[in-house]
Amino acid sequence: MRVVGIMSGTSHDGVDVAVADFSIEGDTVILTPFGAAEYPIPAELDNRVARAISGEPLDTLSFCRLDTELGQLYADAAERAISDIAGYADLIVSHGQTIWHWEELGRTRGSLQIGNSAWIAERTGVPVVSDIRVRDIAAGGNGAPLVSIFDTLLAEGRYDEPVALLNLGGIANMTIVGGGRTPVAYDLGPANALIDAAVVVFTAGAERYDEDGQRGSTGTVHDGLLSELLAHDYYGIAPPKTTGKETFGSEYLAETLAGFPDVAVDDVVATLTEHVAVIVATEAEKQGVSRVIASGGGIKNPTLVARITDRLGPVEYLTTAALGVPPDAKEAYMTALIGFLTVNGLGGTIPSCTGAAHPAILGTLTPGSVDRPFPDLSSSARVTRLEIRAEGGEHGSA
């Protein structure tokens, strides 16, 4: 089955699309990467997404417009990916854009992803799986980190000691797998979210992120600000847990920086970068992992990677490329995997990672054109592993 996965994350810095062929052999899902791309989000639409994520009230017209235009954007991305990469698709899986992750009294109550899938199905004629978080929440889970299913199937049984699969998006999350331990996953805290927010604020939007980590490398870490950041209550909550820009967004950054009005912009960025390195290294040490296997947009920031590797000390740092997974497309491949599991009637969550009472079959299925039947939901397989297989039969290796 050829599947197109579409993902726009908490950084909403682009629409990531990955195409893969999937099959099941015994208890193993075989994923053959077919290609990936990133498509830009128009600046005006991106600004409206950012305001919605920040909690700015939307009237019903504005909400309808945003949901529609994101659906059309994903339809554009799917159409381009099918034309430029896939050739054809049996299934499209759209994560949508997270606008709000509702937490109350230490529990996730709901999660809202928008970008109506009907626009994708109508444009391409291909069935679409979407809205993939809420079923896990309904089963008592956090609806995150969803990437834990990909990480666990990929790494389970490969390592004699526990390893951490780290994703550095807007929020940093980590899945701990191996060494005979029950897998666990959780959001560590902000990764790019606060760094990006600081750059946007200090440059009045002229810059959107710390390009090549230049500001972080130029600035000096402010110990007082770093201590204040690390004192947040979230870091004392036991996993599984999840967070987002609702907690670590522009409002939190402004409130925190109000106590440090004289810290220069590059020093703020350097401190926020160090903050990410500290929380990653702290959790890696707490979990006793032998290596950290990273992915996500944050690995493109050389200053952030240097600070993480320095803080990790003897713990090995590498990227998912060593496992055959392009680091900047892992979440898009994850989205494709979840959709493939869904249309085969298979659970897309690991309860010990999301906190749910049981594995859940995720998402809502939107039909394709009239001559495309719903995918077959008759699979009776039980899958425990994910194998990355290059075309020609080559395997991803650790």
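C64 is partly exposed in this predicted model, with a relative accessibility of 46%. C353, by contrast, is buried, and its relative accessible area is 0%. As for disulfides, the count comes to zero.

Let me turn to strand β4, which spans residues 91-104. This strand is mostly covered, since ten of its 14 residues are buried. Which strands pair with β4? Strand β1, residues 2-8, runs parallel to β4 and is joined to it by five bridges. Within that pairing, I6 stands opposite S94. Strand β6, residues 128-130, also pairs with β4 in the parallel sense, over three bridges. Strand β5, residues 107-114, runs antiparallel to β4, and seven bridges join the two. In that case W102 stands opposite G110.

Is W100 buried or partly exposed? With a relative accessible area of 34%, W100 counts as partly exposed. W100 contributes to a nonpolar surface patch of about 430 Å², together with L58, F63, W102 and L112.

I come now to the charged side chains. How many salt bridges does a search of the whole structure find? The search returns 19. One of them joins R2 and D21, whose closest N and O atoms are 2.7 Å apart. This pair links distant parts of the chain, with R2 in strand β1 and D21 in strand β2, residues 15-25; the two are 19 residues apart. R2 counts as buried, at 8% relative accessibility.

A further salt bridge connects E79 and R123, with 3.2 Å between the closest N and O atoms. E79 lies in helix α2, residues 60-86, and R123 in helix α3, residues 118-124, so that this pair, 44 residues apart, again links distant parts of the chain. Both partners are partly exposed: E79 at 38% relative accessibility and R123 at 33%.

The next example lies within one helix. E283 and K286 meet in a salt bridge of 3.2 Å, N to O. Because they are three residues apart in helix α10, residues 265-287, about one helical turn separates them. E283 is buried, with a relative accessible area of 9%, whereas K286 is exposed, at 54%.

How values were computed
Residues are numbered from 1 along each chain as its sequence is written. This is a predicted model: local features need pLDDT of at least 70, side-chain atom pairs count only at pLDDT 80 or more; totals for chains, interfaces and linings use all residues. Side-chain values use heavy atoms; hydrogens and water are left out. Buried means under 20% relative accessible area, exposed over 50%, partly exposed in between (1.4 Å probe, protein chains only). Helices (H or I, at least four residues) and strands (E, at least two) are DSSP runs, numbered from the N terminus. Two strands pair if DSSP finds at least two bridges between them. Patches are made of residues with over 30% relative accessible area and no salt bridge: like charges are joined within 9 Å, nonpolar side chains (Val, Leu, Ile, Met, Phe, Trp, Tyr) within 5 Å. Accessible areas come from the Shrake-Rupley method with a 1.4 Å probe; for residues, only the protein chains shown count as cover. A salt bridge is a side-chain nitrogen of Lys or Arg within 4 Å of a carboxyl oxygen of Asp or Glu. A disulfide is a pair of cysteine sulfur atoms within 2.5 Å.
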